Every structure is written in structure tokens, then in C-alpha cells.
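Here are my notes for you on this model. Keep the sequence and the 3D view open as you read.

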Amino acid sequence: MVVKENREYAQKCECQAVEVIVSRGQHANIPPRFFDVKLDSYLPDKANPSQANAKTLVQKFIADYPGVVKGLLLQGPTGVGKTRLLCTIAVELMKKINGLDIYYIDWNDLVREMRFGDHVANRDYSPMNQLLFKLAEVELLLFDELGSSGTTPWVLDNIYYIFNKRYNNQKITVCATNYLDKSIDNQETLTKRVGERIRSRLFEMTSIVQIKGDDLRTHDKND
């Protein structure tokens with residue numbers, strides 16, 4: 001209990017608050033490492049102004065939501081904090097908007113699940129169809145590691161379905177990827193990894209946020 005002006009008020013204990021955060025994170029499929037991540041925990045490298053700019057743009061997106069017309073596309077090399085920023089959006093918005101319909105998916109997890117048994121004639125596809133429907137219809141989708149593993153044409157067609165459905169229904173999507181739109185040091189482009197159809201829709205669905213720098217994990221700063 002908390003006493004204010006000689007009156008007692010009920011107050012959730014810290015353990016209850018933690019339970020709420022964990023429950024919301026699990027429901028939204030947020031990786032446990034980031035259940036309670038805060039934007040302040042993202043520490044930009046002063047040598048790379050793009051990191052501070054990314055933090056500012058993420059902060060603005062959180063402040064403006066749901067009054068936004070576009071999502072974000074975080075592009076940059078491994079270890080510059082893209083997943084942390086992606087999950088920060090989720091955690092901060094779940095605190096801001098009670099009951100927000102939000103979901104996090106990792107490209108690798110989705111592709112692995114979709115490819116499992118895709119040539120088995122008697123496979124039950126109903127759980128996968130339910131997931132695809134959820135990803136297409138959820139109010140705010142956070143799509144991590146875009147294009148990070150190879151796919152079959154069948155898998156890519158189904159992922160395209162998600163983006164096309166969200167594009168047509170004007171759903172907000174925030175993505176993170178290691179791949180850029182111009183090849184550097186012979187690295188494949190994002191278009192090459194996800195296909196022209198998905199990349200084309202992302203041009204209208206998201207604003208590009210490029211993040212440069214070295215792997216911050218090696219400096220014990222960000223994940």
C-alpha cells in the first residue's frame with residue numbers, strides 16, 4: 001500500500017510488474033533476453049553518428065505511434081543493435097498501449113518452420129496457415145533478420161503473401177536486416193535475398209534507417 005494525503009492506495013509490487021512484462025513479452029514472441037529492454041540501454045558509438053540517429057528515429061516512432069503511416073527498415077551489419085532497437089519498440093509500445101496487438105518474428109525461425117517437412121505429402125499445414133494469417137493481420141509486426149537465410153520458392157511465396165497482405169491493408173511493419181540496397185564488398189543486396197516483390201513493397205511500407213559501425217557485442221555495449 002502507498003499512503004498519500006492520509007489515504008491508502010493499492011500498488012503493484014515489483015514482482016507483479018515483472019510478471020506482467022514477461023507475460024506480454026511471451027505473448028508477443030519477444031526473445032526473453034529483451035523482455036524488459038529500454039531505449040536508454042542502447043548506447044550509440046560516438047564514432048558512428050548513424051547510431052544516434054537511429055535511436056532518435058526509433059524514439060520518435062514510439063512517441064508518434066499509432067499516428068504513423070510508415071514502419072521502419074533498420075539496415076546495418078551484425079552487432080550494431082538492430083534487434084535491441086526492434087524489441088525496444090515492442091516493449092515501450094506495450095507499456096504505452098494496453099492490449100496492443102503486436103508480434104515479433106525472426107526470419108530464420110519462420111523459414112525453418114516452413115521448410116520442415118514441406119515435401120511431406122501428409123504434413124498438417126493448419127498451424128503454419130494460422131501463423132501466416134497472424135503475421136499478415138497483426139496490428140504491428142516486427143520482422144527481424146530479414147533475408148538472413150536461404151529459402152525455397154514456396155517459402156518465399158508465402159512470406160511475400162505476408163508483406164503483400166500487410167501492404168494492401170496498410171498495416172505497420174518494422175523490419176531489421178543485415179543486407180543493404182547497394183552491394184558492399186560483394187555482399188548480396190536485400191533485393192537479392194528477399195526478392196524484388198517484397199523489397200518493392202518495403203519501399204512504400206517503411207522508412208530506411210541505416211546503422212553503421214562495428215560489432216558492439218565485442219565492446220560489451222549492445223546486443
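1. Start with one term. A residue counts as buried when its relative accessible area is under 20%, as exposed when that area is over 50%, and as partly exposed in between. Now apply this to Met-94. Its relative accessibility is 8%, so Met-94 counts as buried. Met-94 sits in helix 3. Look next at Ala-28. In sequence, 66 residues separate Met-94 from Ala-28. In space, their C-alpha atoms are 9.3 Å apart. One caution before going on: this is a predicted model.

2. Next, the nonpolar cores. How many residues does the largest nonpolar core have? It has 34. The residues with the most contacts inside this core are Ile-30, Phe-61, Ile-89, Leu-140 and Leu-142. Helix 2, helix 3, strand 3 (71-75), strand 4 (102-106), strand 5 (140-144) and strand 6 (172-177) each give two or more residues to the core. Helix 3 provides the largest share, eight residues. As a general rule, nonpolar side chains tend to be buried together in soluble globular proteins.

3. Zoom in on Ile-89. Which residues does Ile-89 contact, leaving aside its neighbours within four places in sequence? They are Val-58, Phe-61, Ile-62, Leu-72, Leu-140, Leu-142 and Val-174.

4. Now the helix pairs. Take helix 5 (residues 126-137) and helix 6 first. Their axes come within 8 Å and cross at roughly 30°. Angles under 35 degrees count as roughly parallel, and helix 5 and helix 6 are therefore roughly parallel to each other. The crossing is right-handed. On the helix 5 side, the contact is made by Leu-132, Leu-135, Ala-136 and Glu-137. On the helix 6 side, Asn-158, Tyr-161, Ile-162, Lys-165 and Arg-166 take part.

5. Helix 4 (residues 107-115) also meets helix 6. Here the axes come within 10 Å, and the crossing angle is roughly 125°. Helix 4 and helix 6 are therefore oblique to each other. Helix 4 passes helix 6 in a right-handed crossing. Trp-107, Leu-110, Val-111, Met-114 and Arg-115 belong to the helix 4 side of the contact. Their partners in helix 6 are Trp-154, Val-155, Leu-156, Asn-158, Ile-159 and Ile-162.

6. Asn-158 deserves a separate look. It lies in helix 6. Is Asn-158 buried or exposed? Its relative accessible area is 16%, so Asn-158 is buried. Leaving aside neighbours within four places in sequence, Asn-158 is in contact with Met-114 and Leu-132. Met-114 is in helix 4, and Leu-132 is in helix 5.

7. Turn to charged side chains. A search of the whole structure finds seven salt bridges. One of them joins Lys-95 and Asp-36, at 3.5 Å from N to O. This pair links distant parts of the chain, 59 residues apart. Lys-95 is in helix 3 (residues 82-96). Asp-36 is in the loop between helix 1 (14-27) and helix 2 (49-64). Lys-95, with 41% relative accessibility, counts as partly exposed. Asp-36, at 37%, is partly exposed too. Asp-36, Lys-38 and Lys-95 are linked in a network of salt bridges.

8. Two other pairs are worth checking. Asp-64 and Lys-60 form a salt bridge, with 2.5 Å between the closest N and O atoms. Both lie in helix 2, four residues apart, so about one helical turn separates them. Asp-64 is partly exposed, at 32% relative accessibility. The other pair is Arg-197 and Asp-157, whose side chains meet in a salt bridge of 2.9 Å, N to O. Arg-197 lies in helix 8 (residues 196-205) and Asp-157 in helix 6 (residues 153-168), so this pair ties together parts 40 residues apart in sequence. Arg-197 is partly exposed, with a relative accessible area of 41%. Asp-157 is partly exposed as well, at 43%.

Conventions. Residues numbered from 1 in each chain as written. Predicted model: local features only at pLDDT ≥ 70, side-chain atom pairs only at ≥ 80, totals over all residues. Heavy atoms only, no water. Salt bridge = Lys/Arg side-chain N within 4 Å of Asp/Glu carboxyl O. Buried < 20%, exposed > 50% of the residue type's maximum accessible area, 1.4 Å probe, protein only. Core = buried A, V, L, I, M, F, W, Y, C linked by side-chain atoms within 4.5 Å. Contact = heavy atoms within 4.5 Å. Axes fitted to C-alpha atoms, helices over the stretch in contact; angles between N-to-C directions. Parallel < 35°, antiparallel > 145°, perpendicular 65-115°, else oblique. Left-handed = near helix turned anticlockwise from the far one by under 90°.
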